[in-house]
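Dear colleague,

I am passing a structure on to you, and I would be glad if you looked through it before reading my notes. The sequence and coordinates come directly below.

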Amino acid sequence: MELIFEKSRPGRTAGSVPASDVPETALETLIPAGLLRDDLDLPELAEVDIVRHYTRLARRNFGVDVGFYPLGSCTMKYNPKVNENAARLDGFTGLHPYAPVAFSQGSLRLLHELAGYLSEICGMDEFTLQPAAGAHGELTGVMIIKKHFEKKGRKRSTILIPDTAHGTNPASVALCGFQVATVRSNAEGGIDVAHLRELMTEDVAGLMLTNPNTLGLFERNIEEVADIVHRRGGLLYCDGANANALVGVTRPGDLGFDIIQLNLHKTFSTPHGCGGPGSGPVGVKRHLAPFLPVPRVVKKGKRYRWSEEFPLSIGRVRAFYGNFGVMVKAYAYIRALGAEGMRRVSENAVLNANYVMARLKPHYRLAYDRVCMHECVFTGERQVQESGVHTTDIAKRLLDYGFHPPTIYFPLIVREAIMIEPTETESKETLDEFCEAMISIAREARENPDLVKSAPLTTPVKRLDDVLAARKPDVCWTLC
Ligand SMILES: *Cc1c(COP(=O)(O)O)cnc(C)c1O
């Protein structure tokens, strides 16, 4: 496809204005010469060419509104459009962040009630809605851990993280000035409790754990893990990015976690990807509530207001109050589903993942052969051994079948990992079509490995040179 610059023809315009009937004035007399530019080299096109160019580009986009998007660890579920309608209401979008509280009671109430629902769902006592993403929530959570030990007058230098963790976990911990120590996983994909016991000293501030973990497996020893951490005075942090497997069924607070971040854009239904708006609220047990960011919404009688009167707070982590639109969507989603609906979200997410796992098990090797939660992790090792076809080839070939590929090569402890998260919003028919495609690719890998290795064949852009793309990124070329 041609670039818009290549379509440009000198003198062509999208609109023509009537000839001027007033005297001309030289631009230099109005704008300082140093600020004038005549080298912009903008494309010159007719309106219809512009419309067609961008409409064609938009049709090449893949999103959950176009097809199945089983990207593991990302919860690319379908997001009901009614949530968008709610977030777009004039009363919300037109409200200035500095509007007096007398004019913003409705929005404050929404924030206050949303924090309450999230506390109820997670078994926590208080929530801040300020952080703008999961990783930002992690950072906020670790800042709270740091403050907790500062207040106690104890310095602890290390935070423990399992080897299955998402890369943002060690990054958040390091950014706060803690050392990271890695806890090994055991043979069944859970935390190695003996290793944890060995590492959990009085110099350790806590353990950052994802449950279910990034292998899609529930941490069976969670109560023992919590006990080991707490006995040494540590805090248990939950990376709640995988909450889609838990909502309405079990509560991290009841499992022994002291802090959790949620990814509203994942579990609570906001379209995301490509860095789109996110929200990473952080919930804490009562003993950590004084450290939450300010300002906080407080309710007195029937009135809501902002309060900065929390002297132990870690302060602000973001301008204003967070990504408000995402919160409106989460609120609308929770209210529409209710307690019963929330439970069905996770039940169906887990059911769908286990269905895909069972159908694909005869064709791909499972990394850990046990009942999974909301996602399942296969390995392409059998295909590598049998025909030299790698996981990346399988993922590329899926594009030819019209599916977004699963997450690949993560978690890092699984070689040739293929991580599939179908989510609850997909029908059995869609899951079957996807499984048929995966089974068909397994057959192709045996019978015609060169075909799979040269995929994708039907997409606008064929196989890219990954190394060149990383070393010499040419954004224009790769986008078109
Ligand atoms: C997505 C994810 C994160 C990071 O969340 P962002 O909103 O992308 O910053 C952290 N941990 C896990 C397990 C995740 O899946």
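This is a predicted model: local features need pLDDT of at least 70, side-chain atom pairs count only at pLDDT 80 or more; totals for chains, interfaces and linings use all residues.

To begin with the ligand, the shell around it holds 13 residues, among which Ser73, Gly134, Asp239, His265 and Lys266 come nearest. By class, 3 residues of this shell are nonpolar, 7 are polar and 3 are charged. Helices α6 (134–152) and α11 (264–267) each contribute at least two residues to the shell, and α6 gives the most, with 3 residues. Oxygen atoms of the ligand lie 2.7 Å from an N or O atom in the side chain of His265, 2.8 Å from a backbone N or O atom of Gly134, and 2.9 Å from a polar side-chain atom of Asn263. On its own the ligand has 380 Å² of accessible area, of which the protein covers 86%.

Helix α6 also contains Glu138, a residue that is buried and yet has no salt bridge, since the nearest side chain of opposite charge, that of Lys266, is 7.6 Å away.

In one of them, the side chains of Lys81 and Asp65 meet at 3.0 Å, N to O. Because Lys81 lies in helix α3 (residues 81–87) and Asp65 in the loop between α2 (47–59) and α3, this pair ties together parts that are 16 residues apart in sequence. Lys81 is partly exposed, at 40% relative accessibility, whereas Asp65 is exposed, at 53%.

Another salt bridge joins Glu424 and Lys77, whose closest N and O atoms are 2.8 Å apart. This pair links distant parts of the chain, with Glu424 in the loop between β13 (417–420) and α15 (428–447) and Lys77 in the loop between α2 and α3, 347 residues apart. Glu424 is buried, with a relative accessible area of 13%, and Lys77 is buried as well, at 2%.

The side chains of Glu120 and Arg251 likewise meet in a salt bridge, at 3.9 Å, N to O. Here Glu120 sits in helix α5 (residues 105–122) and Arg251 in the loop between β5 (235–240) and α10 (252–255), 131 residues apart. Finally, salt bridges that share partners join Arg359, Lys428, Asp432 and Glu436 into one network.

With best regards

Methods: Residues are numbered from 1 along each chain as its sequence is written. Side-chain values use heavy atoms; hydrogens and water are left out. A residue is near a molecule or strand if one of its heavy atoms lies within 4 Å of it. A polar contact is a pair of N or O atoms within 3.5 Å; within protein, one must be able to donate a hydrogen and the other to accept it, and residues adjacent in sequence count only if both atoms are side-chain atoms. Accessible areas come from the Shrake-Rupley method with a 1.4 Å probe; for residues, only the protein chains shown count as cover. Helices (H or I, at least four residues) and strands (E, at least two) are DSSP runs, numbered from the N terminus. Ala, Val, Leu, Ile, Met, Phe, Trp, Tyr, Cys and Pro count as nonpolar, Asp, Glu, Lys and Arg as charged, and the others, Gly among them, as polar. Buried means under 20% relative accessible area, exposed over 50%, partly exposed in between (1.4 Å probe, protein chains only). Lys and Arg count as positive and Asp and Glu as negative; His and the chain ends are not counted. A salt bridge is a side-chain nitrogen of Lys or Arg within 4 Å of a carboxyl oxygen of Asp or Glu.
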